[in-house]
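Student: I would like to learn how to read a protein structure, one feature at a time. Could you walk me through one?

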Amino acid sequence: MTVPDSSAFDPEGPARPVGSVGPAGPVGPAGPEGRAAPAGKDGRAGSNNPAVPNPAAPGSAVPGSAVPGSSGGPVRIEGPWTHRDVAANGARFHIAELGEGPLVLLLHGFPQFWWTWRHQLTALAGAGFRAVAMDLRGVGGSDRTPRGYDPANLALDITGVIRSLGEPDAALVGHDMGGYLAWTAAVMRPKLVRRLVVSSMPHPRRWRSSMLSDFAQSRAGSYIWGFQRPWVPERQLVADDAALVGRLIHEWAGPRTPDFPDDATVDVYRRAMCIPSTAHCSIEPYRWMVRSLARPDGIQFNRRMKLPVRVPTLHLHGSLDPAIRTRSAAGSGEYVEAPYRWRLFDGLGHFPHEEDPAGFSAELISWLKDSEPDR
């Protein structure tokens, strides 16, 4: 398994020039002053662009779900769930929801969108939960705003969605960047977080210390350092129909599950990344995480995250995750003053919820239904 490094985003790579036409229209900055592309009639950014690939084309079927309809585009993929938009924190967010019961809000990571939780949506609904997977700000079918990609504001997006759904609280389930934001929301708005589940992401303070002091983790996360250059990473993410997205998913997946990712699954994520402005917005949170290390806002956020997490927490991780090393994530329990359970999936990589969806869902549902989760 090859650990991706910042060379994947090197300016000498196969980037298209700004203004060239890719699978989702012009490639380059998100318009004047960073504004997102205008939304179409169904609320998706760039949905009226005829250059966006038709996900209903032959050969685009996705295992485990219906073939995306022509009205759904690359984001609103058809299935047993319901798609709609909700307003929160000054923006509009796309969600897919299924089932009735206590709310479980699912938060995706990079380079994915809500669809990464397709297996858990059906499993949670079948277990008596109201499962909702949202697209984070700037990704999928949610608004692409010119700013607001710091973790504090993104966490307010999440808690705002909980309120907009009419629920008093939610169990947050976050993967990768979604996990980083779930940690943050549990500290900032503890009354709105009933339980916390984080996959493939250490606590923000643990992430910071590991990236700065652990050479092995810094090297494993060197793609984040590569994100710090302006515009070049965006161009390379969408070059050749977002081929780099497929490469990252393949390299971050563990060897135990050779069936993941299959070509059809990767194609879904590549099409979603090619929606105008998505690449730029996906990278912005990582730019903030690095560029704010010595700035007052970053120092203030790091100090704020000293506050302990006081809700029951389940921490899940793949033993062969090449992007977030096991020892980087394993020390996160020191920031939790509540029942904390660590679960390591043997032989899995960075995407345990997709590499072993049945095992992941069983662990998740069992813990959510446990009335007395132990430390």
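Student: At what angle do helix 7 and helix 8 pack, and how far apart are their axes?

Tutor: Keep in mind that this is a predicted model. For a helix pair, begin with the angle and the distance between the axes. Here helix 7, residues 232–252, packs against helix 8, residues 263–273, at about 135 degrees, and their axes are 8 Å apart. That angle makes helix 7 oblique to helix 8. The crossing of helix 7 over helix 8 is right-handed.

Student: Which residues of helix 7 and helix 8 meet?

Tutor: On the helix 7 side they are L237, V238, D240, D241, A242, A243, V245, G246, I249 and H250, and on the helix 8 side V266, Y269, R270 and M273. Sorted by class, the residues of this contact are 9 nonpolar, 2 polar and 3 charged.

Student: A242 is on that list. What is its phi?

Tutor: Let's take the general idea before the case. Most residues other than glycine have a negative phi. A242 is not a glycine, yet its phi is positive, at about 60 degrees. A242 sits in helix 7, and it counts as buried because its relative accessibility is 0%.

Student: Which other residue has a positive phi without being a glycine, and where is it found?

Tutor: Look at D176, whose phi is near 55 degrees. D176 lies in the loop between strand 7, residues 170–175, and helix 3. With a relative accessibility of 1%, D176 counts as buried.

Student: Let's turn to helix 3. How many of its residues are buried?

Tutor: Buried here means under 20% relative accessible area. By that cut-off, 12 of the 12 residues of helix 3 are buried, so the helix is mostly covered. Among them are G178, G179, W183 and V187.

Student: How far does helix 3 reach from its first C-alpha to its last?

Tutor: A helix can be checked against the span expected at 1.5 Å a residue. Helix 3, residues 177–188, reaches 16 Å, close to the 16 Å expected.

Student: At what angle does helix 2 pack with helix 3?

Tutor: Read this pair as you read the earlier one. Helix 2, residues 151–164, meets helix 3 at about 80 degrees, with 9 Å between the axes. The two helices are therefore roughly perpendicular to each other. Helix 2 contributes P151, A152, L154, A155, L156, I158 and T159 to the contact, while helix 3 contributes Y180, L181, T184, A185 and M188. By class, this contact has 10 nonpolar residues, 2 polar and no charged ones.

Student: Which residues does A88 touch beyond its sequence neighbours?

Tutor: Leaving out neighbours within four places, A88 is in contact with F93, D157, G160, V161 and S164. A88 belongs to strand 3, residues 82–88, and is buried, with a relative accessible area of 7%. The C-alpha atoms of A88 and L165 are 9.7 Å apart, though 77 residues separate the two along the chain.

Student: Where are the cis peptide bonds from F110 to P111 and from F260 to P261?

Tutor: As a rule, most peptide bonds are trans. The bond from F110 to P111 is cis, with omega near 0 degrees, and P111 is in the loop between strand 5 (103–107) and helix 1 (118–126). The bond joining F260 and P261 is also cis, with omega about 0 degrees. P261 is in the loop between helix 7 and helix 8, the pair we began with.

Student: How many helices and strands does the protein have?

Tutor: The protein has 13 helices and 10 strands. Of its 375 residues, 61% count as buried. Among contacts with a separation of 6 or more, 74% come from residues 24 or more positions apart.

Definitions and conventions. Residues numbered from 1 in each chain as written. Predicted model: local features only at pLDDT ≥ 70, side-chain atom pairs only at ≥ 80, totals over all residues. Heavy atoms only, no water. Axes fitted to C-alpha atoms, helices over the stretch in contact; angles between N-to-C directions. Helix = DSSP H or I, 4+ residues; strand = E, 2+ residues; numbered from the N terminus. Parallel < 35°, antiparallel > 145°, perpendicular 65-115°, else oblique. Left-handed = near helix turned anticlockwise from the far one by under 90°. Contact = heavy atoms within 4.5 Å. Nonpolar A, V, L, I, M, F, W, Y, C, P; charged D, E, K, R; others polar. Expected span 1.5 Å × (residues − 1). Buried < 20%, exposed > 50% of the residue type's maximum accessible area, 1.4 Å probe, protein only.
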